[in-house]
Amino acid sequence: MPARRRPLTRLLLGVLAVSLVLCCGGVAAGGWALARAGTDTVGQVEFTRPLAVPPLAGSRVDDRGRRVFDLLAREGRRDFRGDGRQTRTAGFDGDYLGPTLRARRGEQVVVNVVNRLAERTSVHWHGMHLPARMDGGPHQSIRPGATWSPTWTVDQPAATLWYHPHPHGETEDHVYRGLAGMFIVDDDREAALSLPRRYGVDDVPVIVQDRSFSRSGEFTKTRNSINAIGVLGDTLLVNGTVGPYLDVTTERVRLRLLNGSTARLYDFGFADDRPFDMIASDGGLLPRPARLTRIQLSPGERAEIVVSVRPGERVTLRSTGPDLGAGFLADRFAGGRDRFDVLQLRAADRLAPSPAVPRTLVPLQRLDPDTASDTRRLEFAGRSINGQSMDLGRIDFAVTRDTTEVWEVANIDGTPHNFHVHDVQFQVLSVAGEAPPPELGGWKDTVYLAPHRPVRIALRFRDHSDPDVPYMYHCHLLYHEDAGMMGQFVVVEPGQRPGRPPTHSAHGGHG
Ligand SMILES: [Cu+2]
């Protein structure tokens with residue numbers, strides 16, 4: 001009997017061995033696939049198109065002294081890659097993105113936003129300090145065909161802000177199709193500094209977005225099931241240009257970097273690792289330039305940098321894998337190992353002189369956390385904040401006008417998130433208990449939240465109380481935001497109780 005069993009045993013052992021080999025091979029191949037970079041365009045991009053510079057929006061001053069802009073949201077089409085394949089898009093006053101709005105501190109502005117889309121939208125002034133009913137969040141949605149005309153007095157330091165739709169549950173879709181633009185605030189302090197500021201010459205918007213295209217040329221929004229952060233494209237658009245170069249005619253150029261992507265983080269630097277001066281963060285100029293070789297931006301964040309070039313050279317702005325801090329696998333599937341060539345700077349053979357970057361920029365009055373009237377903790381996990389999903393009818397909390405608060409914002413799951421708050425610019429007190437790095441040392445409205453590294457911020461709510469109309473705070477990874485990772489707060493007078501948000505259906509502007 002044992003003799004007869006032997007061949008069977010041998011067969012079983014053989015099958016087992018083959019299975020083991022196949023299994024190990026599969027694991028090894030899988031491991032290799034996981035470990036390699038997902039998207040890598042370094043050295044692959046042909047810089048064949050001049051960088052589009054968004055036009056400055058025209059404006060007029062009305063009989064009440066207000067600066068009036070018109071913005072028209074509409075659908076469009078564009079052949080981004082020059083191969084004859086048209087992409088269905090949306091833009092303001094054009095096919096894709098929108099003009100740069102520009103106003104001075106102290107000016108009262110009016111923006112007539114016309115919605116020519118087939119669906120409701122809204123326009124949020126990201127980073128702007130203004131009354132909640134002018135903010136352009138989900139409560140200020142604009143019906144198709146309607147015009148919404150918010151007005152406010154610009155009352156904050158010079159900064160690179162931006163605007164984009166914020167309709168309930170549809171923000172990712174509207175931004176992905178191309179609805180976004182820059183809003184530059186000017187002031188006397190910035191104007192007094194020797195900085196490059198000739199728009200489109202030595203002071204250039206750089207709006208970076210990732211997209212993927214289908215065979216027929218349409219934008220695609222496919223997400224693999226392991227990627228939990230949203231759509232990650234394999235092609236970069238810079239101001240809507242694929243493969244862009246910028247002709248530089250001055251010794252120094254100021255780039256206003258805006259991460260206008262829906263989910264992707266970038267870690268910007270130059271191909272030769274040359275240092276640059278970061279002069280401003282989301283809310284305006286830093287106290288002094290930060291000498292850096294890399295600047296990481298999560299969706300919605302901005303950084304102004306000044307970089308020097310030598311006559312006749314070409315240097316590439318590049319994004320290397322951002323440090324997401326979520327662990328090897330999670331980083332891999334959230335774009336943490338992806339690399340992109342972003343923009344080529346082409347320096348002319350003769351460069352006009354540029355003044356050196358000033359050693360100090362603007363004084364920064366530190367908010368004092370010891371005077372905080374309230375401390376809150378906001379925990380981000382899954383698609384919720386403090387276990388709650390966004391509800392337009394629920395005000396999550398009220399803050400009192402003319403007070404300072406400290407918020408501890410913590411990402412308690414393994415997925416990358418970030419944090420954006422409307423109405424105010426905040427100061428970062430600490431990241432995971434440590435003093436913030438210089439790039440987080442100025443005014444911010446958006447900050448990256450690495451898993452299990454809580455960020456403590458100080459915020460001051462000086463004016464614009466309204467017990468009924470809330471401001472938003474949320475994850476600016478738009479897939480998460482749309483899925484409910486958002487909350488609402490109101491600013492109230494001392495002793496006042498929060499009211500009730502307007503019913504959503506009652507809104508839609510007029511027209
Ligand atoms: Cu998130």
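Predicted model: local features only at pLDDT ≥ 70, side-chain atom pairs only at ≥ 80, totals over all residues.

**The copper site and its surroundings**

Along the sequence, the donor residues of the copper ion follow the spacing H-x57-C-x4-H. The protein donors are ND1 of H417, SG of C475 and ND1 of H480, and they lie 2.0 to 2.1 Å from the copper ion. H417 belongs to strand β28, residues 417–421, and H480 to helix α5, residues 478–482, so this pair ties together parts that are 63 residues apart in sequence. Are these two histidines, H417 and H480, buried or exposed? Both H417 and H480 are buried.

Strands β7 (124–126) and β28 each supply at least two residues of its lining. The residues that line this second largest cavity include H124, W125, D135, H420, V421 and H422. By class, its lining has four nonpolar, five polar and two charged residues.

The largest cavity also holds about 40 Å³ of space. Among the residues lining the largest cavity are A158, T160, D186, E190, R254, R256 and E304. Two or more lining residues come from each of β10 (159–164), β11 (181–186) and β16 (252–259), with the largest share, three residues, coming from β11. Five nonpolar, one polar and five charged residues make up the lining of the largest cavity.

Let me turn to the nonpolar interior. As general background, nonpolar side chains in soluble globular proteins tend to be buried together. In this model, the largest nonpolar core has 37 residues, and those with the most contacts inside it are L378, F380, W407, F419, I457 and F489. Which strand gives the largest share of this core? That is strand β32, residues 455–461, with four residues. Apart from this core lies another, of 33 residues, with V248, F268, F270 and L345 among them.

Five of its seven residues are buried, so β32 is largely enclosed by the rest of the structure. Strand β27, residues 403–411, pairs with β32 in the antiparallel sense over seven bridges, and V406 stands opposite A458 of β32. Strand β29, residues 426–431, also runs antiparallel to β32, joined to it by four bridges. Here I457 of β32 is the bridge partner of V428. I457 is also one of the residues with the most contacts inside the largest core.

Next, a sheet elsewhere in the chain. Six strands form an open sheet with mixed pairing, in the order β1-β15-β23-β22-β17-β20. Its edges are β1 (49–50) and β20 (294–297), each with a single partner strand, so one side of each is left without a neighbour in the sheet. Within the sheet, β17 (residues 266–270) and β22 (residues 314–320) pair in the antiparallel sense over four bridges. In this pairing, G269 stands opposite R318 in β22.

About 510 Å³ of space lies in the second largest pocket. Of the 24 residues that line this pocket, Q296, P437, E439, L440 and Y448 lie nearest its centre. What does β20 give to the lining of the second largest pocket? Strand β20 gives the most, with four residues. The lining of the second largest pocket divides into 13 nonpolar, three polar and eight charged residues.

Finally, the largest pocket contains about 610 Å³ of space. Its lining has 24 residues, and the closest to the centre are R105, Q156, P157, W443 and R462. Helix α3 (188–191) and strand β19 (284–292) each supply at least two residues of this lining. Nine of the lining residues of the largest pocket are nonpolar, seven are polar and eight are charged.

To close, I return to the copper ion, with its protein donors H417, C475 and H480. Thank you; I would welcome your comments.

Conventions
Residues numbered from 1 in each chain as written. Heavy atoms only, no water. Pairing = 2+ DSSP bridges. 1 Å grid on protein atoms, 1.4 Å probe; cavity = no way out; pocket = protein on both sides within 12 Å on 5 of 7 lines; lining within 4 Å. Points joined across faces, edges and corners; volume = space filled by probe spheres on them. Nonpolar A, V, L, I, M, F, W, Y, C, P; charged D, E, K, R; others polar. Donors = N, O, S within 2.8 Å, 3.2 Å for Na, K, Ca; no water. Buried < 20%, exposed > 50% of the residue type's maximum accessible area, 1.4 Å probe, protein only. Core = buried A, V, L, I, M, F, W, Y, C linked by side-chain atoms within 4.5 Å.
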